[in-house]
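Student: I am new to this structure. Please take one part and walk me through it closely, from its build to its charged pairs.

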Amino acid sequence: MLVPMKRLTLIALRADKDNIMSALQEIAAVHVISSDSATGDHSSFDDIFASFEEGIRRFREAHRQIANYAEKPGLLTPQKQVEKDALTSQRTIDKAMDAVMKIESQAALLGELKAKHTQVLNFANTLKPWIKLKHNIEDVRSTKHTKVFCAYIPKHNISKLEGVPVSIEVVDDSASLAPCVLACHASDYDEVMLRLHDAGGTEFSFQSDLRGQVVHIYDALMSKANEIAEETEKEQKEFERLGNESDKLLLAIDALNVEYERQRAKAELLVSNSAFILEGWVRSDQLDLVEQAIKGVTDAYYIEFTDPKEDETPPTVVKNNKFNSQFEAITNMFSLPNYRGIDATPLMAPFYLLFFGLMLSDSGYGLVLYILCKLYLWLKKPKGTFGQIVRVIAWGGLSTVVCGFFVGTFFGLSWNKVFFGTAEGPFPLLFDPLKNTISMLLFCCGLGLLQMMFALGVDAYMKVKSGDAQAAIFDSVSWIFLVVGLVGILAVPKYSAPFLVLALIGGLLILLFAGREKKNIFGRLGKGAGALYGVSGYIGDTVSYSRIFAMGLVTGAMGEVFNLLGGMLAGAGSGVVGVLTTILAGVVLVVLHGFSLFINTLGTFAHTARLQFVEFFGKFYQTGGIGFKPLGYHLKHFDIKSFTNAEKR
Amino acid sequence: MEWGLILAGLGAFIAAVVAGVGSAVWVGKAGQAVAGVVAEEPEKFGSLLILQLLPGTQGVYGLIISFLILTKIGVLGGATPDFSLGLYYLIASLPIAIGGGLSAVAQGKAAVSSIALVAKRGEGFGNGMLLTLMVETYALFAFLISLIMVISK
């Protein structure tokens with residue numbers, strides 16, 4: 001059922017603005033819209049919005065860094081709950097800010113340690129070739145007449161320096177670029193350098209503050225590097241412990257988003273120096289709730305609820321009983337109903353369940369599906385659209401169990417085998433689609449015709465209700481006559497006379513009145529004839545319902561083939577091998593049937609939806625509703641404990 | 001060897017292979033598209049996996065027809081067919097081979113586009129799945145005809 005909406009206009013003191021907006025957010029009942037006379041200029045809010053986005057971004061970034069160390073929620077654990085107060089309390093933000101500080105400083109510390117570690121290791125690496133140097137570094141120095149210096153010389157080139165007035169001490173001859181200490185007379189230095197470069201040598205000098213033997217310095221550096229590595233590891237552990245702060249950050253993100261939403265709603269208000277005007281939409285059954293919330297803040301206000309005007313489009317809210325409301329998720333996948341249309345969910349739900357059961361058509365699969373969905377609902381307690389869909393599928397599973405008795409199988413086995421152990425028997429109760437192919441095909445198309453005629457009936461009702469009885473008779477009832485008549489002629493040729501009359505009446509109504517808005521008689525008849533051609537659409541739509549039959553066959557054939565495979569495997573050996581192959585066959589069967597269940601459920605879900613959307617909704621449903629998005633608490637990471645109002649869904 | 005068996009065997013072959021290749025290629029392409037999205041948004045993996053899988057059903061349909069033919073022609077059961085019956089099985093395999101193989105391509109393209117849709121707008125999953133499944137109808141019809149042809153003999 002569509003809930004009637006009222007247009008809310010509230011005028012109150014500017015001083016009460018923040019408190020009123022908080023109170024309204026708490027009840028989640030007002031869909032705030034731009035005030036008619038507001039300029040739509042939000043520029044004064046840009047800074048506020050930017051600061052919210054920046055804050056949320058910072059929390060997210062901090063959370064991203066520690067997310068890997070946070071306790072992972074299990075696949076089946078329900079979402080954590082939180083007290084509503086925690087969302088509005090400054091302490092939430094403060095605590096999260098503390099956590100962000102800790103995370104940022106710890107991350108910086110870790111970065112520093114890692115950089116230091118690399119630096120020490122790099123330094124140690126430059127000294128490594130000189131480990132075998134026997135002298136203290138400070139002893140390798142020039143005197144007044146002697147130049148003493150270090151260099152790397154390619155090993156095979158050392159011999160080229162023979163005859164040069166220099167003495168070469170090779171420190172380590174295992175390296176291809178040999179570290180050497182060279183000594184020469186100061187006057188020969190230039191020549192030596194020239195020859196050294198020719199031989200591919202490069203000079204090397206120790207850092208001036210190094211003292212003692214290289215090997216000691218090197219060892220000291222390495223142990224320092226190890227110390228740093230240990231410290232890094234310790235700090236990394238400390239960092240990983242910050243994974244515990246994850247919830248604080250997520251809560252703060254949710255809290256900021258709640259406040260951000262309120263700020264954005266405030267941007268829609270028309271504000272003067274002393275007062276403000278709020279405009280929005282309210283469900284007509286929540287008028288009191290809204291007024292009470294405002295009364296709780298102040299008694300200086302003016303409030304007015306008016307019916308929507310012709311040119312206004314209120315948001316759409318649907319209200320259904322517990323069973324039907326699950327199917328709203330399916331309807332909404334197509335489109336929200338137009339505010340001035342009809343809520344098709346309760347009309348669609350029984351067809352959906354019936355077609356679902358006929359398509360999946362295997363009681364075994366239905367049973368497994370039902371149990372799995374119920375377990376999931378019980379453990380995970382999914383909310384929102386997804387929760388609704390899981391409930392729909394659970395019901396679909398039950399419907400499948402029932403339909404399986406009439407047209408289907410049990411895990412690919414015929415019911416007769418399951419109950420009596422024989423191939424022949426009373427099952428399936430209606431048809432065996434593999435044997436009575438044509439009967440099953442006609443049965444499915446018949447169901448389709450039934451649903452389409454129902455749709456036309458609804459359409460006629462809607463037209464009468466909106467005061468257009470002509471359209472109801474000429475555009476809807478006429479089609480029911482024509483289609484029912486034609487089908488009757490084909491189905492019971494013996495008693496075709498009344499059906500012929502029915503079809504003729506329907507056809508004439510369409511031919512004469514489909515173009516009733518045209519003045520010209522030929523134009524009118526032309527339009528009528530064109531409309532009559534629409535009968536081809538009904539043929540196409542009817543045939544489309546054969547997918548029910550086809551999906552049923554897919555499930556049956558798939559199950560049968562898989563059982564055949566399993567049976568072949570189980571009978572493949574004897575003795576110990578036989579036992580092993582039987583066990584293997586069991587495993588293979590579970591996996592294959594699991595796959596079949598998954599793929600067929602997916603197909604069934606979607607094909608059933610398609611029949612509703614295209615063949616059923618196409619005949620009467622008015623789309624284009626706007627979603628009702630009341631100012632409220634919209635959380636991503638938590639559920640609110642003891643939420644009392646309708647927003648709970 | 002009997003010509004009937006050879007023709008029927010050819011039917012089993014093309015049902016499995018043509019439909020299977022069509023599915024494999026486009027499940028692969030859809031997989032590449034999913035991988036690209038998941039690199040940025042790992043939380044979309046679950047729903048995208050379903051979209052990737054959609055062009056894969058044709059291969060399963062082909063496999064089933066192939067199996068059912070094999071159970072009829074003396075390979076997994078039944079008796080060796082004569083020439084005309086063998087030819088009949090070959091013809092019976094054509095709807096799912098051609099209809100399945102080509103619809104896998106078309107469905108794969110729709111799936112890749114729908115993956116892009118979900119990448120841009122996560123709540124578009126329902127729409128994307130329905131758009132992709134529209135193509136499935138024709139694979140289903142092709143399968144239906146092949147199935148009826150095979151089981152009725």
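Tutor: Start with the build. Chain B has 5 helices and 0 strands. Read from the N terminus, its elements run α-α-α-α-α. Keep in mind that this is a predicted model.

Now the overall dimensions. Along the principal axes, the C-alpha atoms of chain B fill a box of roughly 55 × 25 × 20 Å. Chain B has 153 residues, and 50% of them are buried. Take the contacts in chain B between residues at least 6 apart in sequence: 82% of these join residues at least 24 apart.

Next, the surface. The accessible surface of chain B is about 6,500 Å². Carbon and sulfur atoms hold 71% of that area.

Chain B also touches chain A. Here 26 residues of chain B are in contact with 28 residues of chain A. The size of an interface is often given as the accessible area lost when the parts come together. For chain A and chain B, the buried area is about 2,300 Å², and carbon and sulfur atoms give 89% of it. On the chain A side, M333(A), V561(A) and L602(A) lose the most area to chain B. Together these three account for 20% of what that side buries.

What about charge? Chain B carries 7 positive and 7 negative side chains. The centres of the two sets lie 6 Å apart. Side chains of opposite charge can pair when their charged atoms come close. Across the interface of chain A and chain B, however, there are 0 salt bridges. Over all chains the count is 22.

Within chain B, look at E41(B) and K44(B). Their side chains meet in a salt bridge, with N to O at 3.0 Å. The two partners differ in cover. E41(B) has a relative accessible area of 23%, so it counts as partly exposed. K44(B) has 12% relative accessibility, so it counts as buried. The cut-off for buried is under 20%.

For comparison, turn to chain A. K266(A) and D18(A) form a salt bridge there, at 2.8 Å from N to O. This pair links distant parts of the chain, 248 residues apart: K266(A) sits in helix α7 and D18(A) in helix α1. K266(A) is buried at 7% relative accessibility, while D18(A) is partly exposed at 41%.

Note on methods:
Residues are numbered from 1 along each chain as its sequence is written. Chains are lettered from A and ligands numbered from 1 in the order in which they are written. This is a predicted model: local features need pLDDT of at least 70, side-chain atom pairs count only at pLDDT 80 or more; totals for chains, interfaces and linings use all residues. Side-chain values use heavy atoms; hydrogens and water are left out. Helices (H or I, at least four residues) and strands (E, at least two) are DSSP runs, numbered from the N terminus. Buried means under 20% relative accessible area, exposed over 50%, partly exposed in between (1.4 Å probe, protein chains only). Contact means heavy atoms within 4.5 Å. Accessible areas come from the Shrake-Rupley method with a 1.4 Å probe; for residues, only the protein chains shown count as cover. Lys and Arg count as positive and Asp and Glu as negative; His and the chain ends are not counted. The place of a charge is taken as NZ of Lys, CZ of Arg, CG of Asp or CD of Glu. Buried area is the accessible area (1.4 Å probe) that two parts lose on being put together, summed over both. A salt bridge is a side-chain nitrogen of Lys or Arg within 4 Å of a carboxyl oxygen of Asp or Glu.
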